[in-house]
Amino acid sequence: ADGLWEEDGPRCPVCGAVPVGSGIAHSTDTTPGADGMFPPPPRPIPERVAAIVEELRWPGPAEPPVILGYEILEPLGRGGMGVVYKARHLALDRLVALKVVSRELLRDEAVVQRFRREARAAARLSHPHIVTVHDAGEAGGVHFLVMEYVEGSDLARLLDLHGAFAAVDACGYIRQAALGLEHAYERGLVHRDVKPANFLVTPQGLVKLLDLGLASVRASAES
C-alpha cells in the first residue's frame, strides 16, 4: 500500500507480483503496466470487441427519450438500471453514453435524492479505470446520467462468448479493476455491485469501471 517494492523474494508465477508482508506489492502509478511488476495491459482485442459491439445492437424502444442538448443516436444496451444510449452532446459535438434510469427505480423521492447525491459523488472521480460521469439530470420525468462513451464490451459478455481468459490477460484485467476500485474507495465511494458486467474493456485492453454510485441507488429502491 505504500508503493514500495521488495527487490528480492518470490513472485507470482503468472503475473510476477512480489509479496510484501501479507499483501502484494504494487506501484502507486496508475498507468497500466508502467511499474513493470505486473503483466502489461491485456493484448488488444479489436476484432473480438468489434464483433461483440455489433451483436449487442438491438432495436430498443420505438421512441427514444428527448433530452435537451443531446441527440440520441442508437441504443447500446439495457439492464436492471435502465437503458444506455449512444448520444451526441450537441454544444460540444462529443459522443457520450447516456443512461436513462428506469422509472421503477426512482418512484420514491428519497431514492431520487440519493441518485442525485451519488451522481455528484461519482462525477468528482477522475481515473483512467473509471468511466467518467459528465452530467446528470431530469427531463420530462426521465432521470438520466451522461457518461464518457467507451468503445468496447463488458467482461461478462467477453467471458460468455470466448470462455476463460488467458492467465496473463486475467491478471491484467484484475489489476486495472482493483486500481479503479481503490481510487473510488479512497474518496468515500463503495461500488456494492462488483461483477464482470460492470467492467468495460476497450479494444486496446483498457478496463473501466461502470455504474459507480448507482448500485446503492438500486439497493435503496428495492428495499
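## Aromatic pairs

A search of the whole structure, which is a predicted model, finds 2 aromatic pairs. One of them joins tyrosine 70 and phenylalanine 144 in an edge-to-face arrangement, with 6.4 Å centre to centre and 65° between the planes. This pair links distant parts of the chain: tyrosine 70 lies in strand β3 (residues 70-78) and phenylalanine 144 in strand β7 (residues 142-148), 74 residues apart.

Tyrosine 70 has a relative accessible area of 12% and is therefore buried, the cut-off being under 20%. Phenylalanine 144 also counts as buried, at 6% relative accessibility. In the pair of phenylalanine 165 and tyrosine 173, the ring centres are 4.9 Å apart and the planes stand at 75°, so this pair is edge-to-face. Phenylalanine 165 and tyrosine 173 are both buried.

## Nonpolar cores

The largest nonpolar core has 15 residues, of which Leu155 and Leu212 touch the most other members. At least two residues of this core come from each of α3 (155-162), α4 (167-186), β9 (199-201) and β10 (207-209). Helix α4 supplies the largest share, 3 residues.

Leaving aside residues up to four places away in sequence, leucine 155 touches Phe165, Tyr173, Pro196, Phe199 and Val201. A second, separate core consists of 12 residues, including Ile72, Val83, Val100 and Phe144.

## Helix α2

Helix α2 spans residues 109-123, 15 residues in total. From its first C-alpha to its last, α2 reaches 21 Å, close to the 21 Å expected at 1.5 Å a residue. The buried residues of α2 are Val111, Val112, Phe115, Glu118, Ala119, Ala121 and Ala122.

Definitions and conventions: Residues numbered from 1 in each chain as written. Predicted model: local features only at pLDDT ≥ 70, side-chain atom pairs only at ≥ 80, totals over all residues. Heavy atoms only, no water. Core = buried A, V, L, I, M, F, W, Y, C linked by side-chain atoms within 4.5 Å. Buried < 20%, exposed > 50% of the residue type's maximum accessible area, 1.4 Å probe, protein only. Helix = DSSP H or I, 4+ residues; strand = E, 2+ residues; numbered from the N terminus. Contact = heavy atoms within 4.5 Å. Expected span 1.5 Å × (residues − 1). Phe/Tyr/Trp six-rings, centres within 6.5 Å; stacked < 30°, edge-to-face > 60°.
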